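Biologist: I'm new to this one. Could you walk me through how to read it?

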Amino acid sequence: MAVILDVTLVRMVLVPAAMSLLGKHAWWLPGPLRRILPDIHLEGDDADDLLPAPAPPADLAAAEAPRTG
């Protein structure tokens, strides 16, 4: 009975409710651990900023080049 109570009440109700109320504070990481652990981005949102901008296609670059003469 205690296991069922733990699973239903604590893990399915209280923990998600507490994390929802805490918001970003639920994911707080102490400073010493933040310096030791690597910064990992699972979704890849910030990874695009690290890549160089792709070169435009040759035909597009020639069309946008200013014409002199």
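Modeller: Let's begin with a term: helices here are DSSP runs of at least four residues, numbered from the N terminus. This is a predicted model, and its chain has 4 helices and 0 strands. Along the sequence that reads α-α-α-α.

Biologist: Then where does Trp27 lie?

Modeller: Trp27 sits in the loop between H1 and helix H2, which covers 31–36.

Biologist: Is Trp27 buried or exposed?

Modeller: The cut-off for exposed is over 50% relative accessible area. Trp27 has 66% relative accessibility, so it counts as exposed. As for the chain, 0% of its 69 residues count as buried.

Biologist: Which residues make the nonpolar surface patch?

Modeller: Trp27 is one of them, along with Val3, Leu5, Val7, Leu9, Val10, Met12, Val13, Leu14, Val15 and Met19. The patch comes to about 1000 Å². The accessible surface of the whole chain is about 6900 Å², with 67% of that belonging to carbon and sulfur atoms.

Biologist: What should I look for in helix H1?

Modeller: Look for a kink. Helix H1 spans residues 2–22 and bends by about 35°, centred on Val10.

Biologist: How many salt bridges does a search of the whole structure find?

Modeller: The general idea is that side chains of opposite charge can pair when their charged atoms come close. Here the search turns up 1 salt bridge. Asp6 pairs with Arg11, and their closest N and O atoms are 3.1 Å apart.

Biologist: How accessible are Asp6 and Arg11?

Modeller: Asp6 is partly exposed, at 27% relative accessibility, while Arg11 is exposed, at 57%.

Biologist: And where is confidence lowest, and where is it highest?

Modeller: As a rule, where pLDDT is low, the predicted coordinates should not be read in detail. In this chain, confidence is lowest in helix H4, residues 58–64, at a mean of 62. It is highest in H2, at 90. The chain has a mean pLDDT of 78, and 71% of its residues reach 70 or more.

Conventions: Residues are numbered from 1 along each chain as its sequence is written. This is a predicted model: local features need pLDDT of at least 70, side-chain atom pairs count only at pLDDT 80 or more; totals for chains, interfaces and linings use all residues. Side-chain values use heavy atoms; hydrogens and water are left out. Helices (H or I, at least four residues) and strands (E, at least two) are DSSP runs, numbered from the N terminus. Buried means under 20% relative accessible area, exposed over 50%, partly exposed in between (1.4 Å probe, protein chains only). Accessible areas come from the Shrake-Rupley method with a 1.4 Å probe; for residues, only the protein chains shown count as cover. The bend at a residue is the angle between axes fitted to the seven residues ending there and the seven starting there. Patches are made of residues with over 30% relative accessible area and no salt bridge: like charges are joined within 9 Å, nonpolar side chains (Val, Leu, Ile, Met, Phe, Trp, Tyr) within 5 Å. A salt bridge is a side-chain nitrogen of Lys or Arg within 4 Å of a carboxyl oxygen of Asp or Glu. pLDDT is the predictor's confidence in each residue, from 0 to 100.
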